[in-house]
Amino acid sequence: MSQPASLLKINNLHKRFSISGDFLDQLSFKGGKITRTQEHVHAINGISLDVKKGEALCVVGESGCGKSTVARTVMNLLRPSEGEIHYAGKRIDNLSHRALLPYRKQMQMIFQNPYASLNPRMTINQALHEPVKFHNPKWSHGQVLDKVHEVMEAVGVDPSWGVRFPHEFSGGQRQRISIARALAVEPEFIVADEPISALDVSIQAQVLNLLMDAQAERDLTYLFITHDLSVVEHFGTRVAVMYLGTLCELADTKELFSNPRHPYTKALLSAIPKLSDDREPPIKLTGEVPTPVNLPSGCVFHGRCPYANERCTQEIPQLKPDGTTMVACHGIDEGRL
Amino acid sequence: MDALPQIKPSMMARFKDSHFWHSFKRDRVAQFCFGIFSLALLLAIFAPLIAPFDPYDSAQIDIMNSELPPSWEAEGDAQFWLGTDAQGRDLWSTILYGTRVSLTIGICAVMLQAFLGIIIGLAAGYIGGRVDSLLMRIADVQLSFSTMMVAIIVLAVFQAAFGTELYQQLAMVMLILVIGIAEWPQYARTIRASVLAEKEKEYVDAARVMGFGTARIMFRHILPNTLSPILVISTVQIANAIIAEASLSFLGLGMPVSQPSLGSLISSGFEYIFSGAWWITVIPGLVLVALVLVMNLLGDWLRDVLNPKLYKG
Amino acid sequence: MPLLEVNNLEVCFGLRQGSVTALRDISFQLERGERLGIVGESGAGKSVLGFSIINLISRPGFINKGEVLFEGKNLAALKNKEMRTIRGNRIAMIFQDPMMTLNPVLTIGDQMVECLRAHRKISKQDARVISLQKLKQVYIPSPDTRLDQYPHELSGGMRQRIVIAIGLLLDPDLIIADEPTTALDVTIQAEIMELMVELCERNNVALILITHDLGVVSEVTQRTIVMYAGRVIEEGPTKEIINDAQHPYTQGLINALPQMALPGQRLNQIRGTMPGLNDLPSGCAFSPRCDYVLPACHEAIPALTKSGGCNVACHLVTEQNNLSEVNE
Amino acid sequence: MFAFLIRRLFQALVVMFVISIISFSIQDNLGDPLREMLGQSVSEEQRQAMRDEMGLNDPFLTQYGRFLGKAVQGDLGTSYFFKEPALDVILKKLPATLELVFGATLIIIVFSVPLGIYSAINPQSIFSKIIMGVSTIGISVPVFLTAIGLIYVFAIELGWMPAFGRGETFQITENLDTALLTADGLHHLILPSFTLASIMLPLFIRLIRSEMMEVLQSEYIKFAWAKGISPWRVYFLHAFKNTMLPVITVGGVQIGTMVAYTILTETVFQWPGMGFLFLEAVNRVDTPLIVAYLIVVGAIFVVTNTLVDLIYGFVNPTVKLTGK
């Protein structure tokens, strides 16, 4: 499914974290023998995605499904255990710190917690000047200043507030400043990791609108990570639904909301609390959410899926096209669903 | 949204507007302690100018004047305000010089601790992995042995190896080195804990995403955010270092009697307490306790104001 | 007699800079078996309200004025010892984050049994039997092994069920749930909410659901209170509030929801942020953010007045009502 | 459990290795054993012969190996001063030091727990403020000054307590005696124990208080209140058990400090324990005794730290010592 227009391409990405501590912790004494066992959190298990230029691809899933790990791996904050990440046709996941620098200017990130994403000891001006200066060392002071003013105005923050420290701002304002910081280096691709989930409802709308305006004005491409499906309907061009480190479904937003295929997507959609009275009761999922430490065999969702059969417990389903949608489900593959 | 002053506040204006300054203005105890500490610092610095006698100059000492009580006592001599010690030195002058020695050792030792602790703590916290576990394991072992134990053993061994005479000449340097090196884990652990807490915060990720280098992130972004715990722990550590020095001197492993710190002065007076010469022990003892107490109270106040518990993570 | 009646409640926090009023002039009633939602953004005072009902506001907060009548008894004036016979027994509370609510060093069984034995004179064995039964009621798989487990061995959803089971232990008349599903995933949230409604209906328990999520409120509750900056600004049947909100803030809140805008369109936002409790504007606290502001809004705090099936605190609504009355 | 044991064993080995290296270097460089044995009157040639015979001219590693071999068998040399095996001399003094540590620990536990809890529960009360004030003064007074003060007041001025010594002891075996079983011994123990406790007590009161105050802020304590259980149970079961976790960790670290301070306490009170002996040995350059002391103290640290970790794992259910 590679197309020339894709800006970011993720190929069969895996990420594991060891949770067994050091070498000694891994040893155990069983039946008179010393054995070494290593346990891993399987945060991402073979994900392939591509983000097309100019779109907003939303990655949706519940806590622990690995969506934030995808974001952090894409931004090279984490190194993948397996797989490759290509940006504009170049492989970037194995680059050195220095070789990555040009990409840092093109790819930026917005974080979840507005209270932690700004350095408390730096004024807003310092926080915005530093990256501009760092990536444009030849710019004069005036040029840097102009750029900082421009982005501050773009996010609706009065430039005269620049002398203040982050703690003097509300959560929504801080999130605007974080967005300004990302925009300051003129990126073309932004990874937004749950940028609105820590904000109040009335502020969420403000920030979401701001992100949409910025996309229109600056021709941005987004990888938008969220747990909130209702936001996705507005924001996303396409949606990728994740469960336990794997991709269940990838579809155009409209298609996903009007005609969800994967049983998990259906359950997720039906669980969103709605204001209207006439909605169907949520699909009840049975069973416990498995931990990413001991992944279930076969389809990771089979333990909670009402339609699971023998094959689902053994064989890992592959992402296959079904109409315009890509879906990983044996049931759909077999035409049962 | 509300209107804001347009001018950029200066450092001084910002300090005057800070929570820190406001709570200092409100807190009488903090002001008092700061006053006493400043006074002690001034007296120590200008001891040679203020002291009526030079206790290091044997020409000024007359053994006939030994064990004279303070001037307000019946047998006191007006010449010696606080009386004299067993060697006939003026106690007031000796205390001034002793405070100078104690403070010098305390402050220098803490500077050494801070230097080692900050570098090791930052490295362990930010780099993590094997470096971290190795350093922290060493710190654990060293801490469980306690500074006192390490200092006593090291100083005892050196004293035995050098012989008393040479040792006494090097005493001050030895004390600074030993107290400074033996206490590094305290600093390193505190810094490491706050670095670990800071590292988790997203502003560090934001800096990494910007492509900043490790050194820049460690020193420009993380280090300023660990200043509060550093300040708190430094205050308390000076107090601890002064106590440690006094204790070592009391055991005869610290400053020699010819060049007394507050601890060795107390130690030398202890022999005479049974014969009624209480002042040689009690007066320097009170000075020592007062000095340490104000440092500890300042530390408590700083802890309340800067609230570094937040960094516990 | 209503089960719970709150009259003119005022809660203050004594801070060094002076006292800050967190709740002002709160009055409402709750019938037996009724499910009431309290909605507001963070800082609106909804959690403080929940805690002040069982008189458990953390220091330095205190009830300054007003009364909380539970079956006619004023809880705000009760002594601690008497209050203890009500907490956990007649009124149970469910907290926000199940990861933090259970004591990490005590087993689930210990934490259930102690609650029963604090209010009833029964043996440990009997208490265990009741605990087991309640765990079954909240559909915990293999409940007997859970009793001897520690909280860290269980998942978040499971822990919240246990917290609910603890709440149900003594068959209370009222459960106060403070954001019970905010820390949980959507699919788990739906389960827990359904469970709570089912249990409340089956045992005829009244529920006060404190949340910021209008969707949850509309699904669970019969009546809703909307709070803003420490005051009730609108109160009425949930359906009416959701479908036909009268206060501009409530309208804004509902319209800001992503599902209220057309897909792909900009969302309807409320400008500005909620003021802090110590720098409230004069008059209506919402006036600086309101699109329909009148001169009166800056002068007087609007009182809660009846309008249709609801009570609304808004000068605009009052004025419009007066006008239509005159016209008639 | 397995990893824990291995790690402990490893740590113990490293610690003992470091101590043995230090000890050996001391023995190797401090004082001349020949002079101690032979006196001044022996000629240089005879000395060289003796040195060769005793292996004193062997390479460092050979000598160290020999030292280690002997040490493992419990032979740490003979004290120059007492002319007895150094280890025996030290071990004979061990009970006296342990008594002191025991007395101080008892005082610390008996006072710090109730006072710490009280001042955490009622932070605003006058009594709590007094407790906190006194404990701040407490950490500011060096232990030897406390000792001097106590001697001055209770022994010299009031004459209630003996000023120094261990008093009568009860002989259990030839090498094992205790002051805990005689009235006179206990009488002598009071002042030194309080002195030794005086450093740790304020520290533990403050620690228990601050940890408990933090625990009392937690959600699960709020939930416990909301369950309507008795304050007694909330404070002493729910809060206290969680408070103890950090206190145990710190307690483990402080054992080392406590042993170090026995040296000071024993010196002031002339309490015939290991610390006092050690300081005498330092002044007499009695190398084998210094070495023996180091090794015994090292062993005590390793053992107590292991015990503290075990207790921690026992109290904290989230730590699994029993392995996966």
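D:Lys83 sits in the loop between helix H4 (60-72) and helix H5 (86-121) of chain D; helices (H or I, at least four residues) and strands (E, at least two) are DSSP runs, numbered from the N terminus. The model is predicted, so local features need pLDDT of at least 70 and side-chain atom pairs count only at pLDDT 80 or more, while totals for chains, interfaces and linings use all residues. Residues are numbered from 1 along each chain as its sequence is written, and chains are lettered from A and ligands numbered from 1 in the order in which they are written.

**Positive phi angles**

- D:Lys83 is not a glycine, yet its phi is positive, near 55°.
- D:Lys83 counts as exposed, with 8 C-beta neighbours inside 10 Å; the cut-offs are 20 or more other C-beta atoms within 10 Å for buried, 12 or fewer for exposed, and in between for partly exposed, with C-beta atoms placed from the backbone.
- A:Asn12, also not a glycine, has a positive phi of about 45°.
- A:Asn12 belongs to strand E1 (residues 6-18) of chain A and is partly exposed, with 13 other C-beta atoms within 10 Å.

**Chain B with chain D**

- In chain B, 33 residues are in contact with 33 residues of chain D, where contact means that C-beta atoms, placed from the backbone, lie within 7 Å.
- Two or more residues of the chain B side come from each of helix H6 (129-145), helix H7 (147-162), helix H12 (227-250), helix H13 (262-270) and helix H14 (279-306) of chain B.
- That side of chain B has 25 nonpolar, 7 polar and 1 charged residues; Ala, Val, Leu, Ile, Met, Phe, Trp, Tyr, Cys and Pro count as nonpolar, Asp, Glu, Lys and Arg as charged, and the others, Gly among them, as polar.

**Chain A with chain C**

- Chain A has 31 residues in contact with 33 residues of chain C.
- The largest share of the chain A side, 8 residues, comes from H7(A).
- The chain A side divides into 15 nonpolar, 9 polar and 7 charged residues.

**A helix pair in chain B**

- Helix H5 (residues 91-127) of chain B packs against H14(B) at an angle of about 40°, with the axes 11 Å apart; axes are lines fitted to C-alpha atoms, for helices over the stretch in contact, and angles run from 0 to 180 degrees between N-to-C directions.
- H5(B) and H14(B) are therefore oblique to each other, the class left after under 35 degrees (roughly parallel), over 145 (roughly antiparallel) and 65 to 115 (roughly perpendicular).

Conventions
Contact = placed C-beta atoms within 7 Å.
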